[in-house]
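Visitor: I've got a model open and would like to talk it through. Could you take my questions one at a time?

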Amino acid sequence: MDVTLAASVDEFFHEVVTDALSAVDLDASEPASWYLVGLLGDFTRTRITGDPLGVKLVEQSSDPGERVKTLKHVGDTSLYVSGFFAESLSRSLVDVDYYVGIGQSAYSQLARHFHAGRSLQMIYEELADQFPQFVDVIATVRKRIDFATPDVTKLYEMWLRTRDEWVEKKLRDAGIIVDVTKAPQ
């Protein structure tokens with residue numbers, strides 16, 4: 001996919017998210033998929049702070065609007081970090097499971113702030129209930145938009161581990177002949 005063909009960031013991410021949802025076989029609602037599009041677009045402009053998400057999750061605020069913003073920040077950051085940076089988390093003190101637990105909890109609490117049946121409540125419930133699958137979607141998006149990695153060796157190592165068709169196509173596009181008959185190592 002060529003990023004220059006997209007008219008906007010949202011259009012670009014909608015195409016990539018739709019492809020990723022299909023790749024991980026997640027039947028997400030249309031509002032949830034658009035939520036992911038917005039989340040990814042927001043993180044192109046937002047810097048991830050070093051704020052401890054676990055502390056933010058348990059902090060109480062007397063202002064319900066502020067609490068909603070905090071829970072959204074914790075859920076969104078947890079989803080983004082666990083999907084986009086899963087490999088680097090394996091080398092840190094907290095792993096992906098930590099972020100998954102925090103994100104699920106934040107979205108679950110957030111869903112309870114809205115009236116039953118409202119679209120935001122349903123989106124947050126879906127994100128909480130299927131958080132690990134949405135992490136897989138974000139990880140798939142990352143793989144597909146990693147433009148800065150023309151490192152063919154890295155792509156080949158990724159293909160050896162995952163046998164991902166998209167990675168195989170990128171290798172073929174780079175002129176690498178991939179022998180799919182060889183067993184994974």
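**A walk through the model**

Guide: Let's start at D25, which is exposed, with a relative accessible area of 71%; buried means under 20% relative accessible area, exposed over 50%, and partly exposed in between (1.4 Å probe, protein chains only). One caution on the source: this is a predicted model, where local features need pLDDT of at least 70, side-chain atom pairs count only at pLDDT 80 or more, and totals for chains, interfaces and linings use all residues. Residues are numbered from 1 along each chain as its sequence is written, and side-chain values use heavy atoms, with hydrogens and water left out.

Visitor: Where does D25 sit, and what is its phi?
Guide: D25 belongs to the loop between α1 and α2. Helices here (H or I, at least four residues) and strands (E, at least two) are DSSP runs, numbered from the N terminus. D25 isn't a glycine, yet its phi is positive, near 60 degrees.

Visitor: How confident is the prediction, and in which helices is confidence lowest and highest?
Guide: On pLDDT, the predictor's confidence in each residue from 0 to 100, the protein chain has a mean of 85, and 88% of its residues reach 70 or more. Confidence is lowest in helix α9 (residues 152-162), with a mean of 72. It is highest, at 96, in helix α7 (residues 119-129).

Visitor: How many helices and strands does the protein chain have?
Guide: Reading along the sequence, you get the pattern α-α-α-α-α-α-α-α-α-α. The count is ten helices and zero strands.

Visitor: What span should helix α1 have, and how far apart are its end C-alpha atoms?
Guide: Helix α1 covers residues 9-23, which makes 15 residues. The expected span is 1.5 Å times one less than the number of residues, so α1 should span 21 Å. Its end C-alpha atoms agree with that, being 21 Å apart.

Visitor: Which residues of α1 are buried, and what covers them?
Guide: The buried ones are F12, F13, V16, V17, A20 and L21. Seen down the axis of α1, they fall within an arc of 155 degrees (taken from the directions from the helix axis to the C-beta atoms), so they line one face of the helix. Counting contact as heavy atoms within 4.5 Å, their cover includes α2 (30-43) and α8 (131-145).

Visitor: Which residue forms a salt bridge with R144?
Guide: Side chains of opposite charge can pair when their charged atoms come close. The rule here asks for a side-chain nitrogen of Lys or Arg within 4 Å of a carboxyl oxygen of Asp or Glu, and the count comes to four salt bridges. The R144 pair links distant parts of the chain, helix α8 and helix α1, 125 residues apart. R144 is buried at 13%, and its partner, with the closest N and O atoms 2.7 Å apart, is D19.

Visitor: How far apart are N and O where K72 meets D76?
Guide: These two are four residues apart in helix α4 (residues 64-84), so about one helical turn separates them. K72 is partly exposed at 29%, whereas D76 is buried at 7%. Their side chains meet in a salt bridge, with an N to O distance of 2.6 Å.

Visitor: Is R45 buried or exposed?
Guide: The side chain of R45 meets that of D42 in a salt bridge of 3.0 Å, N to O. D42 is partly exposed at 33% relative accessibility. R45 comes out at 60%, so it counts as exposed.

Visitor: What is K143 in contact with?
Guide: K143 lies in helix α8 and is buried, with a relative accessible area of 16%. Leaving aside neighbours within four places in sequence, its contacts are M158, D164, W166 and V167.

Visitor: What separates the C-alpha atoms of D129 and Y107?
Guide: D129 is in helix α7, and at 63% relative accessibility D129 counts as exposed. D129 and Y107 are 22 residues apart along the chain, and their C-alpha atoms are separated by 8.8 Å.
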